[in-house]
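Hi,

Here is the structure I promised to pass on. Please take a look, then read the notes below.

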Amino acid sequence: MTQPDSALLNRANHKCEICEGDQELSVFIVEPSNETHSSETLVCRVCKPELESAQEDAAKNQHWFCLQNAMWNEVAAVKVISLRLLNRFKAERWAQDLLDQAYFEEDIIEWANAGESENATDDTNDWPPTFDSNGTQLATGDNVTLIRDLDVKGTSFVAKRGTLVRGIRVIEDPEYVEGRVNKITIMLKTCFLKKA
Ligand SMILES: [Zn+2]
């Protein structure tokens, strides 16, 4: 266990920078290292094992409501942890709501994605290719337009034909991509999309 130095303890006000707990504080290093920002964060014994494993633990779900504060922390490494955790839980309503409210600078998003990309790339390589309604292959980051009105499940709004959806994400199921419409992340059926 790496002992935190006094500079880190002072920055963190002697509390876990994620949940403000004060039990067995130790250093958690955000990977990969970053040229601009310090990778060190101060975390407690509840947060640390969770951060070290990539396991989703539904029982710990409530613990992570603390991210509503942590995501506004001024320390870049803490923002990166917050963003990664919110992404991990983004199937949950609370995490989705926080992601909608949150603001992360471009370099934070890049850093957060940099750590995840190793696994993500391995996965996506095995996935079947995703095509739009014209048979054009879609990739994560592409922009698409809707070619018909779509009811959005779980909401009262209709995504109108012609709506531009920026920065979609392909998923394992080639019949759908993930995209944000009206600030909500939804699954879009690829047969109703055209690459923009
Ligand atoms: Zn904590």
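Where does Ala91 lie? In the loop between helix H4 (76-88) and helix H5 (93-101). Keep in mind that this is a predicted model.

Is Ala91 buried or exposed? Ala91 counts as exposed, because it has 9 C-beta neighbours inside 10 Å, and the cut-off for exposed is 12 or fewer.

Next, a sheet. Three strands form an open sheet in the order S8-S5-S12. The pairing is antiparallel. Which strands stand at the edges? They are strand S8 (164-165) and strand S12 (193-195). Each has a single partner strand, so one side of each is left without a neighbour in the sheet.

How is S5 joined to S12? Strand S5 (residues 144-146) and S12 run antiparallel, with three bridges between them. Val144 has Lys195 in S12 as its bridge partner.

Now the whole chain. The protein chain holds six helices and twelve strands. Its C-alpha trace spans about 60 × 35 × 30 Å along the principal axes. The protein chain has 196 residues, and 25% of them count as buried. As for contacts in the protein chain with a separation of 6 or more, 53% come from residues 24 or more positions apart.

Best wishes

Note on methods: Residues are numbered from 1 along each chain as its sequence is written. This is a predicted model: local features need pLDDT of at least 70, side-chain atom pairs count only at pLDDT 80 or more; totals for chains, interfaces and linings use all residues. Helices (H or I, at least four residues) and strands (E, at least two) are DSSP runs, numbered from the N terminus. A residue is buried if 20 or more other C-beta atoms lie within 10 Å of its own, exposed if 12 or fewer, and partly exposed in between; C-beta atoms are placed from the backbone. Two strands pair if DSSP finds at least two bridges between them. Two residues are in contact if their C-beta atoms, placed from the backbone, lie within 7 Å.
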